Amino acid sequence: MAMMEKHEQWELSKENYVPVKSGRRTTVLSEVAELTDVTGKLIAEDKRKELWSDVVNYVGDDPIAPWVKYIKWAQEHINAGSKKDLQKILETCTEKLMVDKRYFNDVRFLRIWIQYADCLPDPSDVFLFIRGKGIGKNFALYYEAHATFYELRGNYKAADLVYQDGITHSAQPLHRLQQKHMTFQQRMAQRVQRKLQEDGGYLGSRSRANGSSIVPSANNGLPTGSTDSNVSISAQLAAAASAAADADANASGRR
């Protein structure tokens with residue numbers, strides 16, 4: 001039952017359109033609206049075929065490049081009703097590029113894996129898989145996205161451990177990861193404070209009666225298995241990817 005509830009919460013939190021890390025441009029939104037027109041659909045299909053042809057027929061030393069363009073177009077033009085189409089594209093991309101080990105330390109490949117995880121009802125296994133393979137282990141983006149997933153699922157201890165793991169490994173840019181961890185810790189302190197305030201009346205009267213002091217519970221007053229926010233995990237991951245894009249691309253030496 002708990003797993004079903006988590007699945008439903010994840011799905012209900014999605015936007016109508018698949019989240020894009022930098023947000024959709026107004027022109028793109030207009031294009032999507034026009035796709036209800038037959039001509040618009042034909043134009044879109046021609047573009048899709050063109051981009052797919054670039055992927056299939058690519059000749060060069062950076063095969064991920066045409067994939068990035070194809071995926072970006074798909075994200076902007078595929079609505080939630082066809083999300084499985086995007087999921088299939090991302091899945092195919094990750095499968096094809098897994099044979100090229102150099103991409104394990106390329107932030108573009110990491111970003112594609114995170115986007116793939118974002119298409120799934122429960123991406124836990126994806127995060128563990130890419131960590132086990134060492135994909136993106138040197139980038140702050142991995143730890144930020146994974147920690148965000150845990151936090152919005154209510155697993156605050158796991159989120160904190162992920163941040164600590166990234167800092168221990170000096171994931172880049174380290175200063176940004178440290179800042180995000182600090183911000184996370186501040187949110188945790190605020191949750192403790194809110195919990196104490198909510199329970200203050202009851203605990204205060206009880207402590208006065210018993211002559212004891214008010215102290216946080218064993219879990220520091222943090223709720224477990226739930227979130228205090230209606231912000232979707234998708235939006236949070238997309239925001240992390242957006243904030244990280246330039247810095248991570250510079251750190252990896254390529255976009």
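E45 is partly exposed, with 30% relative accessible area; partly exposed is the band between buried (under 20%) and exposed (over 50%), using a 1.4 Å probe and protein chains only. Keep in mind that this is a predicted model, where local features need pLDDT of at least 70, side-chain atom pairs count only at pLDDT 80 or more, and totals for chains, interfaces and linings use all residues. Residues are numbered from 1 along each chain as its sequence is written, and side-chain values use heavy atoms, with hydrogens and water left out. Below is a quick tour of the charged pairs, the aromatic rings and the cysteines.

**Salt bridges**

- The structure has 9 salt bridges, each being a side-chain nitrogen of Lys or Arg within 4 Å of a carboxyl oxygen of Asp or Glu.
- One of them pairs E45 with R48, at 2.8 Å from N to O.
- Both E45 and R48 sit in helix α3 (residues 38-56), 3 residues apart, or about one turn of the helix.
- Helices here are DSSP runs (H or I, at least four residues), as are strands (E, at least two), numbered from the N terminus.
- R48 is partly exposed too, at 26% relative accessibility.
- R102 and D100 also meet through their side chains in a salt bridge, again 2.8 Å from N to O.

**A bridge between two helices**

- R176 and E144 make a salt bridge whose closest N and O atoms are 2.8 Å apart.
- This pair ties together distant parts of the chain, with R176 in helix α10 (residues 174-210) and E144 in helix α8 (residues 140-152), 32 residues apart.
- Are these two partners buried or exposed? R176 is buried at 12% relative accessibility, and E144 is buried at 1%.

- D106 belongs to the loop between α5 (83-97) and α6 (107-118), and D106 is buried, with a relative accessible area of 2%.
- The side chains of D106 and R108 are also joined by a polar contact of 2.8 Å.
- A polar contact means a pair of N or O atoms within 3.5 Å; within protein, one must be able to donate a hydrogen and the other to accept it, and residues adjacent in sequence count only if both atoms are side-chain atoms.

**Aromatic rings**

- Searching the whole structure turns up 13 aromatic pairs.
- Y103 and F109 form a tilted pair, because their ring centres are 6.4 Å apart and their planes sit at 50°.
- The rule is that rings of Phe, Tyr and Trp (its six-membered ring) pair if their centres lie within 6.5 Å, with planes under 30 degrees apart called stacked, over 60 edge-to-face and the rest tilted.
- Y103 is buried at 0% relative accessibility, and F109 is buried with 0% as well.
- The rings of Y163 and F184 are tilted too, as their centres are 5.3 Å apart and their planes at 40°.
- That pair links distant parts of the chain: Y163 is in helix α9 (residues 156-168) and F184 in helix α10, 21 residues apart.
- Both Y163 and F184 are buried.
- Ring pairs also gather Y103, F104, F109, W113, Y116 and F129 into a cluster.

**Cysteines**

- How many disulfides does the structure hold? The count is 0, where a disulfide would be a pair of cysteine sulfur atoms within 2.5 Å.
- C93 is buried, at 0% relative accessibility.
- C119 is buried as well, with a relative accessible area of 4%.
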